[in-house]
Amino acid sequence: MGGSVYAVFVEVSAEARSNDQARQVIEGSAVPMARDAGARAGYWLSEQGGRGVAVTVYDSEEAARRQADRLKVGETPPGAPPGVTFRTVEVREVLASL
C-alpha cells in the first residue's frame, strides 16, 4: 500500500429497503460526497438486520477525519430517507489490504 492509509467506518440504522432503493440513494449522494472528500476507495454494504455498513479509504488520517467530522451520530445521512441515522462513525488506520 505504500504508507499509511485511513478508513472511515460507518454504521447506520436502516429500515429494510430494497437494494435498488438503497443503491440509488448511495450512488446519488454518499459516493459523490466521499469522492469529493478525496476517498480512494469505498464500499457500501447492503442492509442486514436493520444495520448498514460503509467503509471509505483515504490517503491520510487528516482527510479521513475531515470526512468523519461531517457525519454525526444520530443524524440522517445527506440524501437518505427518514428512518436512516448514523450509529457509528470512526476513523481507523488500515493495517492491510489485498
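Visitor: What makes β1 and β3 a pair of strands?

Guide: In this predicted model, eight bridges join β1 to β3, and the two run antiparallel. Two strands pair if at least two bridges are found between them, so eight bridges meet that condition. Among the facing residues, A7 stands opposite V57 in β3, and S13 has R51 of β3 as its bridge partner.

Visitor: How do you know that β1 pairs with β4?

Guide: Strand β4, residues 85–93, is joined to β1 over eight bridges in the antiparallel sense. The cut-off is at least two bridges, so β1 and β4 count as paired. F9, for one, stands opposite E90 in β4.

Visitor: Why are β2 and β4 said to stand at the edges of the sheet?

Guide: The four strands form an open sheet in the order β2-β3-β1-β4, with antiparallel pairing. β2 and β4 each have a single partner strand, so one side of each has no neighbour in the sheet. On average, neighbouring strands of this sheet are turned by 15° against each other, direction ignored.

Visitor: Which strands do the helices lie against?

Guide: Helix α1 lies across β2 and β3 and runs at about 150° to β2. Helix α2 packs on the sheet, where α2 touches β1, β3 and β4, and the direction of α2 makes about 20° with that of β1.

Visitor: Why is β1 called mostly covered?

Guide: Seven of the eight residues of β1, which spans residues 6–13, are buried. Buried means under 20% relative accessible area.

Visitor: Is S29 buried or exposed, and how do you know?

Guide: The relative accessible area of S29 is 18%. The limit for buried is under 20%, so S29 is buried. S29 is found in helix α1, residues 19–36.

Visitor: What makes the approach of S29 to P78 a polar contact?

Guide: A polar atom of the S29 side chain lies 2.9 Å from the backbone oxygen of P78. Leaving aside residues up to four places away in sequence, S29 touches P78 and G79.

Visitor: Why is the pair R23 and D20 called a salt bridge?

Guide: The N to O distance between the side chains of R23 and D20 is 3.1 Å. The cut-off is within 4 Å, so the pair qualifies. R23 and D20 are three residues apart in helix α1, which means about one helical turn separates them. D20 is exposed at 54% relative accessibility, while R23 is partly exposed at 41%.

Visitor: What does the salt bridge between D59 and R40 tie together?

Guide: The side chains of D59 and R40 meet at 2.7 Å, N to O. D59 lies in the loop between β3 and α2, and R40 in the loop between α1 and β2, so the pair ties together parts that are 19 residues apart in sequence. D59 has a relative accessible area of 49% and R40 one of 47%. Exposed means over 50% and buried under 20%, so D59 and R40 are partly exposed.

Visitor: How do you know that E61 and R65 form a salt bridge?

Guide: The closest N and O atoms of E61 and R65 are 3.0 Å apart, and the rule asks for within 4 Å. The two are four residues apart in helix α2, separated by about one helical turn. E61 is partly exposed at 29%, and R65 is partly exposed at 39%.

Visitor: How many salt bridges does the rule give?

Guide: The count comes to five.

Technical notes. Residues numbered from 1 in each chain as written. Predicted model: local features only at pLDDT ≥ 70, side-chain atom pairs only at ≥ 80, totals over all residues. Heavy atoms only, no water. Buried < 20%, exposed > 50% of the residue type's maximum accessible area, 1.4 Å probe, protein only. Polar contact = N/O pair within 3.5 Å; in protein donor to acceptor, adjacent residues only side chain to side chain. Contact = heavy atoms within 4.5 Å. Axes fitted to C-alpha atoms, helices over the stretch in contact; angles between N-to-C directions.
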